[in-house]
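Q: I should like to learn how to read the features of a protein model. May we work through one example together?

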Amino acid sequence: MSEWNNMTDEQLVKLCLQGNASAQERLYNLFAQKMWTVCLRYMKNEEEAQDVLQMGFVKVFKNLHAFNKSGSLDGWVRKIIVNTALDTIRKNKKFENNVQWDQVSYQQEDVSGNVLNKLAAEDLMELINELPTGFRTVFNLYAIEGYSHKEIAEMLGVSESTSKSQYSRAKALLRKIIKEKYADIYCHYE
């Protein structure tokens with residue numbers, strides 16, 4: 001339908017708010033795949049990610065009237081999905097005390113960008129998913145979503161230094177995982 005291709009975000013939202021089922025389906029189809037990827041980054045498995053996606057879109061449609069046209073619809077939907085994932089993590093109390101700090105080796109070696117270039121994006125996402133929930137959450141929020149440590153601290157109810165520390169430790173653990181799983185690539189670039 002070419003009529004959908006020329007429609008602005010504001011027009012689509014307006015039709016959705018009027019109860020137009022085709023517009024609601026269009027909005028879901030526009031963002032579902034991208035938001036699925038976001039959910040997978042935060043949740044440990046596909047079942048949890050699917051739950052977050054569904055809950056997130058329920059919130060999107062419930063709060064569509066609050067979409068302010070100053071930002072992009074994509075960014076607004078993403079923020080709701082990320083917050084839904086964070087709420088789920090908090091609800092399951094996975095964020096608190098999920099890592100024994102002394103169990104993680106904090107080697108400060110530098111992983112060459114060449115090592116990361118050798119890893120496919122899918123492989124890297126799988127490695128990130130191996131991180132403990134707290135590390136993975138802060139890593140995603142900072143490195144992928146682009147939030148500042150101050151924003152992350154407010155979102156998660158932790159201090160800014162805790163956010164920075166979790167991010168640093170996530171990177172160190174990710175380096176360790178990469179070194180262990182991809183020793184042949186890693187050693188080649190050391």
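Q: Does F67 count as buried or exposed, and at what relative accessibility?

A: The model is a predicted one. Burial is judged by a cut-off: a residue under 20% relative accessible area is called buried. F67 has 4% relative accessibility, so F67 counts as buried. W76, at 18%, falls under the cut-off too and therefore counts as buried.

Q: How many aromatic pairs are there, and what is the geometry of the pair formed by F67 and W76?

A: Two rings are read as a pair when their centres lie within 6.5 Å, and planes over 60 degrees apart make the pair edge-to-face. The count here is five aromatic pairs. In the pair of F67 and W76, the ring centres are 5.6 Å apart and the planes meet at 65°, so this pair is edge-to-face.

Q: Which geometry do F139 and Y167 adopt, and which parts does the pair tie together?

A: Planes under 30 degrees apart are called stacked. F139 and Y167 are stacked, with 25° between their planes and 5.8 Å from centre to centre. Because F139 belongs to helix 8 (residues 133-144) and Y167 to helix 10 (residues 160-181), the pair ties together parts 28 residues apart in sequence. Both F139 and Y167 are buried. Elsewhere, ring pairs join Y28, F57 and F61 in a cluster.

Q: What span should helix 10 have, and how far apart are its end C-alpha atoms?

A: The expected span is 1.5 Å times one less than the number of residues. Helix 10 has 22 residues and should therefore span 32 Å; its end C-alpha atoms are 31 Å apart, which agrees. Among the buried residues of helix 10 are S163, Y167, L173, L174 and I178.

Q: How much space lies in the largest pocket, and which residues are closest to its centre?

A: The largest pocket holds about 260 Å³ of space. Its lining comprises 14 residues, of which L40, E122, M125, E126 and N129 are the closest to the centre. Helix 3 (21-42) and helix 7 (121-129) are the elements that each give two or more residues to this lining. By class, the lining has five nonpolar, four polar and five charged residues.

Definitions and conventions: Residues are numbered from 1 along each chain as its sequence is written. This is a predicted model: local features need pLDDT of at least 70, side-chain atom pairs count only at pLDDT 80 or more; totals for chains, interfaces and linings use all residues. Side-chain values use heavy atoms; hydrogens and water are left out. On a 1 Å grid over the protein atoms alone, a cavity is a set of points where a 1.4 Å probe fits but cannot get out, and a pocket is an open set with protein on both sides within 12 Å along at least five of seven lines; lining residues have an atom within 4 Å of a point. Grid points are joined across faces, edges and corners, and a volume is the space filled by probe spheres set on the points. Helices (H or I, at least four residues) and strands (E, at least two) are DSSP runs, numbered from the N terminus. Ala, Val, Leu, Ile, Met, Phe, Trp, Tyr, Cys and Pro count as nonpolar, Asp, Glu, Lys and Arg as charged, and the others, Gly among them, as polar. Rings of Phe, Tyr and Trp (its six-membered ring) pair if their centres lie within 6.5 Å; planes under 30 degrees apart count as stacked, over 60 as edge-to-face and the rest as tilted. Buried means under 20% relative accessible area, exposed over 50%, partly exposed in between (1.4 Å probe, protein chains only).
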